[in-house]
Amino acid sequence: MRFGVLRFPGTCDEVDAQLACERVGEATILWHGDRDLQGVDAVVVPGGFSYGDYLRVGAIARFAPIMESVIAFAREGGPVLGICNGFQVLCEAGLLPGALLPNRTLRFVCRQVDLVVEHADTIFTNACAEGERLSIPAKHTTGCWYAPAELHEQVEANGQVLLRYAPGENFNGSLADVAGVRNEAGNVFGLMPHPEHAVDPLTGSTDGLKIFQSIHDHSAARAAA
Amino acid sequence: MTAPAPDAPAAVAPHRALGLTDVEYELICDKLGREPNAVELSMFSLMWSEHCAYKHSKQLLRQLPTDGPYLLMGPGENAGAVDVGDGLAIAFKVESHNHPSAVEPFQGAATGVGGILRDVFAVGARPIAVLDSLRFGELDSARSRYLLEHAVAGIGHYGNSIGVPTIGGELYFEGPYEQNCLVNAMALGIAEHERLTRSAATGPGNALVLFGALTGRDGIGGASVLASAELGEGDADKRPTVQIGDPFAEKKLMECSLELLDRELLVSLQDLGAAGLTSSSSEMASKGGLGLDIHVDRVPLREPGMEPFEVMVSESQERMLCVVEPERVDEVLAVCTKWETTATVIGEVTDSGRLRVLNDGEVVGDMPVEALVDDCPLYDLAPEKPSAPIYPAPARTLLPAADTDPHAILPELLRSANVADRRPVFEQYDCLVQSRTVRRPDEADAAVLALPTTDAIGGTHPAIAVSIDGSGRRVACDPYRGTIEAVLECAANLACVGAEPLGLTNCLNFGNPEKPHIAWQLSESVRGMADACRALDVPVVGGNVSLYNEGPEGPIYPTPVVGMVGRLPDAARAGRLGFTVEGDAIALAGPFTPSLPGSELAKLRGEPLPDGLPEVDVAAVRAAQEVVRRAVRRGEIRSAHDVAEGGLAVALAECCLGGGHGARVDFRGAGAEGERLEMLFGEGAGGFVLSGPRPTVAALARELQLTFVGEVGGTDDALAFTLDGDATMSWPLAELREARARGLADAIDG
């Protein structure tokens with residue numbers, strides 16, 4: 001299978017995401033000004049500071065030409081993964097519920113955190129076990145997930161929260177310890193921690209690889225069906 | 001062409017206001033054969049400033065060895081570079097941004113990072129790491145806490161946003177930095193050998209293209225007004241001379257520059273830093289032995305109505321200058337458009353040997369390049385060792401009752417600002433982006449970055465290691481030996497991860513060199529650095545000098561900051577500092593002769609700085625480092641940590657906390673009763689704490705002075721000492737962790 005990894009001006013983690021994808025499949029960088037997704041099987045919106053995070057995180061990238069195609073791809077059921085800034089972009093694009101607010105300390109924090117897998121029967125977590133802990137680094141200034149009570153209730157009721165910070169690990173103040181959330185249809189997923197930075201024992205843990213493996217396995221199963 | 005007419009003489013001699021002496025002004029008139037006009041005078045004042053001309057340090061710096069077996073590019077280019085094997089080069093350099101940071105810490109530190117990154121990608125290398133070296137006054141001062149908070153935020157803001165990891169650094173708090181903080185930033189980049197790019201302008205008729213941010217009035221006179229004079233009253237008025245950074249613009253500029261080089265569209269490339277267009281253009285012309293015509297009216301401006309001299313001296317950030325063959329200009333402009341980066345042909349290379357500034361076709365400045373770049377007079381220093389102490393004794397912070405009680409001293413040292421956990425600072429930096437970080441800031445004595453491997457996935461990765469260090473207080477005690485210690489400390493840090501030093505970069509932060517005692521500190525320090533570099537066979541690949549670091553209350557501690565880069569063959573074997581396996585033997589290794597004067601404990605006790613430090617046997621230290629390096633590479637030891645601030649007891653505590661294991665340490669017979677404190681808390685070069693299986697560690701004793709002092713674990717998560725007279729004492733790790741965590745966290749979050 002082939003992943004497409006977006007590159008906006010100011011994106012920083014696209015090469016990291018590409019390398020992570022290439023551990024389980026192929027990967028192509030997609031330029032923000034193009035509209036052609038080049039037939040990829042899944043899209044990764046990577047981390048960084050698209051358009052300098054000016055105006056509001058993710059607010060400008062959401063209007064990039066490539067995002068029109070990503071939104072259409074998502075509406076047709078294509079798998080889309082948003083990491084950190086990518087999560088923020090997908091929330092701004094209305095593909096994911098809630099919003100990301102500044103961390104409660106108002107500071108950038110880079111820290112290895114433990115996450116708990118809430119649901120394993122999804123496109124993005126099928127290589128994990130329910131209740132499994134994943135050690136993955138997080139690094140951001142604006143990662144406090146928030147949703148109004150009614151929306152939050154709905155998200156929880158639908159089982160859309162796939163990852164939560166383990167007890168004591170929620171440094172950004174996210175509502176209900178939410179670290180990663182999917183859309184109602186289940187084909188779009190965003191998380192603040194960086195699974196692409198946890199794919200090699202040399203540079204830390206390999207727990208993040210399970211996210212990419214899950215997307216790959218889902219795609220392979222669908223192709224076989 | 002008619003020679004530009006000199007401007008009408010002003011009431012106060014304008015050259016003095018710009019920092020030039022009367023003699024220097026006469027020399028400029030002599031070189032031009034006339035009086036300079038306003039444009040020329042402002043350009044000369046920058047090029048002949050201390051910051052650009054190194055007029056008080058150039059002669060001294062000639063002592064430093066600048067060649068070695070791994071050297072690819074030495075001093076003189078935007079950054080130096082060493083060979084790390086497989087056809088790859090690492091380019092690196094450290095630079096100061098002290099005075100801007102003292103005036104406006106957030107922007108000063110941010111643009112310091114931006115500037116050093118441009119130096120690295122200007123030589124064609126993709127930046128892969130940033131480190132920073134910071135000095136502030138004591139943490140009980142509100143000004144120091146303000147400077148710390150904002151400088152750290154500025155470094156994070158810039159480095160994080162641009163996608164270059166900040167992987168290490170160092171941080172000290174000492175009274176003499178109260179008014180004049182130090183912010184030194186180091187960057188490393190990676191390139192294939194043949195991609196290394198020089199800055200010499202070649203080929204008369206080639207186009208000169210300026211690309212990046214628009215040119216504004218910010219930073220005008222930064223090099224001469226801020227960087228080359230002492231700080232004092234009215235520094236708030238200097239705020240307009242601090243530049244404003246835009247990391248998003250730099251990110252685009254960096255990707256654009258690297259793509260231009262990838263596509264081989266450029267003849268040469270140079271960044272615009274201090275003294276802006278003046279310095280970058282004249283350096284390019286000088287290196288190529290050619291001339292340049294610059295049309296200031298073609299420079300895209302941020303605000304209308306800027307004078308030609310303002311365009312030439314503006315220090316607006318995020319700009320680059322390149323030389324392009326005429327037939328490639330369109331392609332270059334297209335790449336810049338892709339990256340949303342403004343690019344303009346602003347001039348051309350000539351064979352005149354002159355830098356000409358034109359405005360709407362009229363010549364408004366015309367100077368021989370040589371006069372601007374090479375003819376600034378160099379000054380001999382008049383060093384004189386001071387007869388009385390320059391620095392007051394530090395304020396006592398330890399309760400007198402604790403003076404000789406190790407049980408009370410250890411937590412106090414761990415809590416003290418220079419020893420406490422750096423996590424509250426380094427957590428504000430992204431240390432992971434680019435996926436190369438093998439050792440993060442608290443995992444080992446040096447940061448380790450994996451290099452690409454020829455096997456796609458799973459092969460052996462060679463790696464580089466990097467460390468930055470320089471304790472100003474030790475250098476203040478003894479500029480010669482203190483500087484040797486700083487170089488040895490960096491090499492020791494590299495040894496602890498298994499890396500062999502390849503080259504170093506330095507930033508010499510000193511006071512006013514026109515004062516004899518500062519001149520003495522500077523010349524002794526450079527002599528020490530030269531001797532240490534020769535003894536280790538490590539060349540200086542480039543660096544920076546920052547002088548006039550003085551406030552109203554006196555000079556800073558003399559602070560030579562050393563950044564050293566090394567290589568290790570297998571990243572998977574990179575050393576760690578923390579104890580990892582219960583039952584491992586713990587050894588103190590190396591030619592270590594600890595002493596208390598000048599130590600962190602002496603500081604806590606409020607003792608005055610000693611006049612001199614003990615002699616260091618550099619050859620013996622080097623030999624010990626080689627044995628440690630080899631043992632780490634072979635996997636014979638499981639942890640290695642060098643003994644530094646706070647001495648052996650602090651090093652042991654750090655090893656326990658780093659690995660999450662307690663230790664039982666037996667000091668009986670290790671020293672006479674009266675030497676107990678020296679042994680536990682004394683400092684000096686050459687000591688390592690090693691742990692590993694007893695037989696393999698014991699085997700090292702054939703080549704290395706080594707004493708077994710204890711065992712990992714064997715206690716209930718505590719560090720326990722047995723001392724002479726069978727006195728015992730122990731500390732729960734939780735207590736030590738809390739003490740070490742609080743030191744900086746209280747100041748930052750408080």
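Helices (H or I, at least four residues) and strands (E, at least two) are DSSP runs, numbered from the N terminus. This is a predicted model, in which local features need pLDDT of at least 70, side-chain atom pairs count only at pLDDT 80 or more, and totals for chains, interfaces and linings use all residues. Residues are numbered from 1 along each chain as its sequence is written, while chains are lettered from A and ligands numbered from 1 in the order in which they are written.

**Figure 1. B:Val332 in helix H13 of chain B.** Helix H13 of chain B covers residues 329-338, and B:Val332 has its place there. B:Val332 is buried because it has 22 C-beta neighbours inside 10 Å. (A residue is buried if 20 or more other C-beta atoms lie within 10 Å of its own, exposed if 12 or fewer, and partly exposed in between; C-beta atoms are placed from the backbone.) Leaving out residues up to four places away in sequence, B:Val332 touches B:Val209, B:Leu260, B:Leu265, B:Val324 and B:Ala343. (Two residues are in contact if their C-beta atoms, placed from the backbone, lie within 7 Å.) From B:Val332 to B:Val209 there are 123 residues in sequence, but 8.8 Å in space, C-alpha to C-alpha.

**Figure 2. Helix H8 of chain B and the residue after it.** H8(B) has 21 residues, and the distance from its first C-alpha to its last is 30 Å. This is close to the 30 Å expected at 1.5 Å a residue, where the expected span is 1.5 Å times one less than the number of residues. Just after H8(B), B:Gly163 has a positive phi of about 80 degrees.

**Figure 3. The hairpin of strands E27 and E28 of chain B.** Strand E27 (residues 718-722) and strand E28 (residues 728-732) of chain B run antiparallel and are joined by 5 bridges. (Two strands pair if DSSP finds at least two bridges between them.) B:Thr722 has B:Thr728 in E28(B) as its bridge partner. Between the strands lie 5 residues, and B:Gly725 takes a positive phi near 75 degrees in this hairpin.

**Figure 4. Strands E3 and E4 of chain A.** Strand E3 (residues 42-45) of chain A pairs with E4(A) in the parallel sense, over 3 bridges. A:Val45 stands opposite A:Gly82 in E4(A). In strand E4 (residues 80-83) of chain A, A:Val80 and A:Gly82 point one way, A:Leu81 and A:Ile83 point the other way, and all are buried. In a regular strand the side chains alternate between the two faces of the sheet.

**Figure 5. The contact of chain A with chain B.** Chain B gives 25 residues to the contact and chain A gives 22 residues. On the side of chain B that touches chain A, the elements that give two or more residues are helix H8 (142-162), helix H10 (247-262) and strand E14 (437-439). H10(B) gives the most, with 4 residues. The residues on this side of chain B are 11 nonpolar, 9 polar and 5 charged. (Ala, Val, Leu, Ile, Met, Phe, Trp, Tyr, Cys and Pro count as nonpolar, Asp, Glu, Lys and Arg as charged, and the others, Gly among them, as polar.) For the complex, the predictor gives an ipTM of 0.96 and a pTM of 0.94.
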